[in-house]
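The following exercises ask the reader to work through one structural model step by step. Each task is followed by its solution.

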Amino acid sequence: MANDVWVYIEHKDGDITPMSFELLGIGKQLADGFGSSVCAFVIGDKVDDLAKEAGAFGATKVYAVEGDVFKGFRGEAYAKAAAFLLEKYKPEIALFRATSMGTDVAAAAAAQLGFGLCTDTIGLAVDGGKVKMTRAAFGGNYSVSVVNEKAAPQIATVRPKAFAMGAKDASKSAEVVKESFALADADLATKVVEFIKSATAVNLVEADIIVSGGRGLGSDAGFAMLQELADLLGGAVGASRAAVDSEWIPYEHQVGQTGKTVKPKIYIACGISGAIQHLAGMRTSDCIVAINKDPDAPIFKAASFGIVGDYKEIVPKMIEKFKGKLNK
Ligand SMILES: Cc1cc2nc3c(=O)[nH]c(=O)nc-3n(C[C@H](O)[C@H](O)[C@H](O)COP(=O)(O)OP(=O)(O)OC[C@H]3O[C@@H](n4cnc5c(N)ncnc54)[C@H](O)[C@@H]3O)c2cc1C
């Protein structure tokens, strides 16, 4: 249907990346605004299980393109298939995750169709019969709302964790529409030779526990201590921009408006003051524990638990206690 809202189902090693379900959640809200349906579209070498899962998370229809050429992730092939589906069905808007894979497919598909693309969207709302897409601009100093008036569909990538997960109901299933889209290796200019996992890969966005450090750590040595605590708890290490700018830790760890948006079960902020731009990336964490030697630090206003003191004294005590509790 013309007003349908489409969600691209991103998957890796045969599993849907959980944040595709966030898109089904916000997609459903948008579709309700249009009185239409939220649909999923999936591309892969085997799509049946993926389509079933998308149905349980609220997609009413799943459009699928299947074939050997889609084994493993191959941006060029996926983008061609996505453009084919979008051109054929012309939904109101197509939402992709703002991840490397999602952005790769969305950007190439939009270019192929000659449509605009709104990247890293943090707000989506039906307004005047179109979806208004909001994103940060000018280094995060402004937010800007855009509507691609002439594009059908509009295309957006959406920042992970910017929206709540859609609800799962295993009894629900979607109608699956399998489209034949002939694509051979010979039609593609690129070939994926190998995937090499980064030795320093950090999956902050999906971590349940994050131990994060700021300028108050004083040096990169402080991060070694936070890493020990994070490893003990099975978590990941995050950072404020001040710590990243000081080159104590790489940018991929940065949390905040110009870093990653996270929503772990526990966020432990050490030596972080709680600037608005940092809070923008972590304030919806389930539980925030702040360690800061300044009792008036703004982070305490956002924290569920606050510890006033020097992290160099507190973090080693936490490590010792957790080792005892966890028998490590
Ligand atoms: C457009 C824009 C985008 C931005 N994007 C981001 C972003 O994505 N992420 C981000 O984090 N920031 C971002 N910032 C920067 C932000 O405004 C703050 O400057 C930054 O978050 C401050 O980092 P901090 O809390 O580590 O440092 P500070 O504000 O300097 O705070 C350090 C804290 O450590 C405490 N402290 C000192 N020593 C100790 C100790 N031994 N033990 C315990 N506590 C101690 C101090 O009391 C203080 O509260 C952005 C800014 C702009 C303008």
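With 10 C-beta neighbours inside 10 Å, E149 counts as exposed. The model is a predicted one, in which local features need pLDDT of at least 70, side-chain atom pairs count only at pLDDT 80 or more, and totals for chains, interfaces and linings use all residues. Residues are numbered from 1 along each chain as its sequence is written.

**Exercise 1. Burial in loops**

Solution. 

Step 1. State the criterion. A residue is buried if 20 or more other C-beta atoms lie within 10 Å of its own, exposed if 12 or fewer, and partly exposed in between, with C-beta atoms placed from the backbone.

Step 2. Helices (H or I, at least four residues) and strands (E, at least two) are DSSP runs, numbered from the N terminus.

Step 3. Treat S37, in the loop between α1 and β4 (38–44). The C-alpha atoms of S37 and K61 are 8.2 Å apart, although 24 residues separate them along the chain.

Step 4. Treat G58, in the loop between α2 (48–56) and β5 (61–66). Leaving out residues up to four places away in sequence, G58 touches L24, K28, V38 and G166; contact requires C-beta atoms, placed from the backbone, to lie within 7 Å. From C-alpha to C-alpha, G58 and A40 are 9.1 Å apart in space and 18 residues apart in sequence.

Step 5. Treat G116, in the loop between α4 and β7. Beyond its neighbours within four places in sequence, G116 is in contact with A110, N148 and A151.

Step 6. Treat D13, in the loop between β2 (11–12) and β3 (15–16).

**Exercise 2. The length of a helix**

Task: Which span should helix α1 (residues 20–34) have, and how far apart are its end C-alpha atoms?

Solution. 

Step 1. The expected span of a helix is 1.5 Å times one less than its number of residues.

Step 2. For the 15 residues of α1 this gives 21 Å, and the end C-alpha atoms are 21 Å apart, which agrees.

Step 3. Consider burial along α1: its buried residues are S20, F21, E22, L23, L24, I26, G27, K28, L30 and A31.

Step 4. Inspect the residue that follows α1: G35 has a positive phi, near 70 degrees.

**Exercise 3. Two helix pairs**

Task: Describe how α3 packs with α4, and how α5 crosses α9.

Solution. 

Step 1. Axes are lines fitted to C-alpha atoms, for helices over the stretch in contact, and angles run from 0 to 180 degrees between N-to-C directions. Angles under 35 degrees count as roughly parallel, over 145 as roughly antiparallel, 65 to 115 as roughly perpendicular and the rest as oblique.

Step 2. Helix α3 (residues 75–89) and helix α4 (residues 100–113) have axes 8 Å apart and pack at about 55 degrees. The two are therefore oblique to each other. On the α3 side, the contact includes G75, Y78 and L86, and on the α4 side V105 and L113. By class, this contact has 9 nonpolar, 2 polar and 3 charged residues; Ala, Val, Leu, Ile, Met, Phe, Trp, Tyr, Cys and Pro count as nonpolar, Asp, Glu, Lys and Arg as charged, and the others, Gly among them, as polar.

Step 3. The axes of helix α5 (residues 221–233) and helix α9 (residues 311–325) come within 10 Å and cross at roughly 20 degrees. These helices are therefore roughly parallel to each other.

Note on methods
Two residues are in contact if their C-beta atoms, placed from the backbone, lie within 7 Å.
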